[in-house]
Amino acid sequence: MFPTCATKTLLVLACLLLDQVQLFTPLSRFLFHQDLQMVGCSTKSYTGIIHLTCAMKCLDTKKCPSFVYIPETSYCKICTDGYTVTGLTFLLGSGTYLVRNVQEFNINLPSNIISLERNFSGALLPSELFYLRAVLLGKGEWRINLMQTQTNIPFHFRRRNDGTCPSPCHAINTLTNAIWGTELYVQDFPYVTSQSFELHILFRSYYALIYFNRRLKGTYNTSRRAVMEIGRYVSIFGDFYVEELAI
């Protein structure tokens, strides 16, 4: 029996409705990473539940930054407390769903002209992850700010090429009540001209772990001057073409 015009129309409407439902389910808050896993997190496992339920259990804990789901066995493992996360590991096949407040692709940021700002739906969860894939342009100077207000910036990260430090280098700092702390200098990363680089920044309460092309390159500690979870939006600008931004 072949579908009639009426049934075809109903099928199309059903598909469109399903797409809309999936777009606004808890799963839409997550992005799947094929080769990334959070290390050290306290976990809780469930069996015999569907994908959507696994995502809901993660969001309901309020402190869960990621979960793993295996559809073949209906197995769910959620990270129950992001405060226990100690780092990241990059292993093929260790697929993880990470909570995402922002997900953007192909953002052209001309040098020193555009300041891109993205607001979060709420405060950062413990151990939420910032991800950037980009290509350097021009002098290769850029800035990334995790901000609460213009006078409170828990995490200020920039690449400098102005002679302030052995150029080029990276500088990290914290702005608290309009007062900067002591700037930390980090040796330049091994960028390759015209090739994409990846930056993962794992935020904890009082420090951040910085990974360049999936290798740990530095740790920044705010010395308890500010907590990362007060971040409300991220601001980036500089000499690069952003291919993907997520947090």
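**Cysteines and phi angles**

I started at Cys-169, which counts as buried at 3% relative accessibility. Worth noting before I go on: this is a predicted model.

Its partner came next. Cys-169 is in a disulfide with Cys-165, and I get 1.6 Å between the two sulfur atoms. Cys-165 is buried as well, with a relative accessible area of 6%. I then looked up the torsion about the S-S bond of Cys-165 and Cys-169: it is about -75°, so I log this disulfide as left-handed.

Then I ran the search over the whole structure. How many disulfides does it find? It finds four. I also wrote down the pairing for the protein chain, with the bonded cysteines numbered in sequence order: 1-6, 2-5, 3-4, 7-8.

Next entry, Cys-54 and Cys-76. These two form a disulfide with their sulfur atoms 2.1 Å apart. What does this pair tie together? Cys-54 sits in helix 2 (residues 51-60) and Cys-76 in strand 5 (residues 75-81), so the bond links parts that are 22 residues apart in sequence. The S-S torsion of Cys-54 and Cys-76 is about 80°, so I put this one down as right-handed. Buried or exposed, I asked of Cys-54? Cys-54 is buried, its relative accessible area being 0%. For Cys-76 I also read 0%, so buried goes in the notebook there too.

On to Cys-58 and Cys-64. A disulfide joins them, with 2.0 Å from S to S. Which hand does the disulfide of Cys-58 and Cys-64 have? The torsion about the S-S bond is about -95°, so it is left-handed. I checked burial here too, and both Cys-58 and Cys-64 come out buried.

Last, the backbone. I looked up Lys-62 and found phi near 70°, which is positive although the residue is not a glycine. Where is Lys-62? Lys-62 is in the loop between helix 2 and strand 4 (66-70). Its relative accessibility is 60%, and the cut-off for exposed is over 50%, so I count Lys-62 as exposed.

I find Ser-74 in the loop between strand 4 and strand 5. Relative accessibility for Ser-74 is 25%, which falls between the 20% and 50% cut-offs, so partly exposed is what I wrote.

Definitions and conventions:
Residues numbered from 1 in each chain as written. Predicted model: local features only at pLDDT ≥ 70, side-chain atom pairs only at ≥ 80, totals over all residues. Heavy atoms only, no water. Disulfide = S-S within 2.5 Å. Helix = DSSP H or I, 4+ residues; strand = E, 2+ residues; numbered from the N terminus. Buried < 20%, exposed > 50% of the residue type's maximum accessible area, 1.4 Å probe, protein only.
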